[in-house]
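Hi,

Here is the structure I promised to pass on.

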Amino acid sequence: MKPFSEIVPDAERFDAQVVKGLQGATTHAITVGTMAARNEHDWNDRTRATREGMEPVVEDSSHGATASLKLEGNAVRLADGTEPHVIEAHGKALRFQMGGSTMFRRRVNHPGTKPDAYLDNAAEKTGEDLFAAWEANMDGLFGG
């Protein structure tokens, strides 16, 4: 490995490269984590509304970046689970499949759902990917 003085003649430029690398690694990792959350789960999403209720958010700063996965609607309910509840039709009737038959009801008693660990699994994948992306960036920065 080269001596540090040869690699970093300009510490300010080096710091900027490190911050840019953190920002890139963070953006990459939350993208991978979002894809994992959207694809690795135990639920059906025929309308894609649940997948679309997950949005990666990255905030760059002068020292790096932070990332989070913003959840809305069904994405939250699936992660947290639900208590038994009543579902009422907003139109004429609810339509759903049950035992191979198409059912129409004005109102149903939903039994509730257990929490789904899909976010935990995605977070684990995000952490692994963040480390790998950062390591690759540092290798590139130091010529490794």
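Contact here means heavy atoms within 4.5 Å. Before the details, a word on the source: this is a predicted model, where local features need pLDDT of at least 70, side-chain atom pairs count only at pLDDT 80 or more, and totals for chains, interfaces and linings use all residues. Residues are numbered from 1 along each chain as its sequence is written, and side-chain values use heavy atoms, with hydrogens and water left out.

Let me start with Thr50, which sits in helix H3. Helices (H or I, at least four residues) and strands (E, at least two) are DSSP runs, numbered from the N terminus. Thr50 is buried, at a relative accessible area of 3%; buried means under 20% relative accessible area, exposed over 50%, and partly exposed in between (1.4 Å probe, protein chains only). Neighbours within four places in sequence aside, Thr50 is in contact with Trp43, Asp45, Asn74, Ala75 and Leu78.

Now the largest pocket. A pocket is an open set of points on a 1 Å grid over the protein atoms alone, where a 1.4 Å probe fits, with protein on both sides within 12 Å along at least five of seven lines; lining residues have an atom within 4 Å of a point. The largest pocket holds about 1,200 Å³ of space, a volume being the space filled by probe spheres set on the points, which are joined across faces, edges and corners. Its lining has 25 residues, and Arg46, Asn74, Ile87, Phe96 and His110 lie nearest the centre. Among the elements giving two or more residues to that lining are H3, helix H4 (74-80) and strand S3 (85-88), while S4 gives the most, with 5 residues.

S4 also pairs with strand S5 (residues 101-105): the two run antiparallel and are joined by 5 bridges. Strands count as paired if DSSP finds at least two bridges between them. Phe96 has Met103 in S5 as its bridge partner. The S4–S5 hairpin has 2 residues between its strands, and Gly99 in the turn has a positive phi of about 60°.

Strands S1 (residues 54-61) and S2 (residues 64-71) run antiparallel too, with 8 bridges, and a hairpin of 2 residues joins them. Val57 is bridged to Ser68 in S2.

Last comes helix H5 (residues 118-141). Its 24 residues should span 34 Å at 1.5 Å a residue, and the end C-alpha atoms are 34 Å apart, which agrees; the expected span is 1.5 Å times one less than the number of residues. Among the buried residues of H5 are Tyr118, Ala122, Asp129 and Leu141.

Best wishes
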